[in-house]
Amino acid sequence: MADYADLCADTASTQTANSDGCALEQLDSDNDGVNDAEEVAEGTDPEDSTSFPPITIETFAASPTNISSKGQQVELRWRVSGHRN
Ligand SMILES: [Ca+2]
Ligand SMILES: [Ca+2]
């Protein structure tokens, strides 16, 4: 199906499209922020918005690590894996 005639205009030629011309990577059927392809790969339900891959905190850091006075500013940094858009 030509891109201009389908519902998903930017499907890569390497992706498998459904009858609407959309690849699983382009669909988020339950609108939970994780595309259908990722949900299938992670074993979560692409039709259930309460089912999505877990978000994991990979690193967490505070600077400074010791607070010496009330009102002191502390910088927090974290990195997560998994995502919801
Ligand atoms: Ca989803
Ligand atoms: Ca889901």
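## The disulfide

A disulfide here is a pair of cysteine sulfur atoms within 2.5 Å. By that rule, this predicted model has one disulfide. Cys-8 and Cys-22 are the partners, with their sulfurs 2.0 Å apart. The torsion about the S-S bond of Cys-8 and Cys-22 is about 90°, so the disulfide is right-handed. Cys-8 and Cys-22 both lie in the segment before H1, so the bond ties together parts that are 14 residues apart in sequence. Helices (H or I, at least four residues) and strands (E, at least two) are DSSP runs, numbered from the N terminus.

Both Cys-8 and Cys-22 are buried. For the terms: buried means under 20% relative accessible area, exposed over 50%, and partly exposed in between, using a 1.4 Å probe and protein chains only.

Next, the metals. Donors are N, O and S atoms within 2.8 Å of the metal (3.2 Å for Na, K and Ca), and water is not among the atoms, so sites may look incomplete.

Calcium ion (ligand 1) is held by Asp-28 (OD), Asp-30 (OD), Asp-32 (OD), Val-34 (O) and Glu-39 (OE), at 2.2 to 2.4 Å. Along the chain, the donors of ligand 1 are spaced D-x1-D-x1-D-x1-V-x4-E.

Calcium ion (ligand 2) is coordinated by Asp-30 (OD), Asp-32 (OD), Glu-39 (OE), Glu-39 (OE), Asp-45 (O), Asp-48 (O) and Ser-51 (O), at 2.2 to 2.5 Å. The spacing for ligand 2 reads D-x1-D-x6-E-x5-D-x2-D-x2-S.

How far apart are the two calcium ions? The distance is 4.0 Å, and Asp-30 coordinates both.

## How to read the numbers

Residues are numbered from 1 along each chain as its sequence is written, with chains lettered from A and ligands numbered from 1 in the order in which they are written. As this is a predicted model, local features need pLDDT of at least 70, side-chain atom pairs count only at pLDDT 80 or more, and totals for chains, interfaces and linings use all residues; side-chain values use heavy atoms, with hydrogens and water left out.
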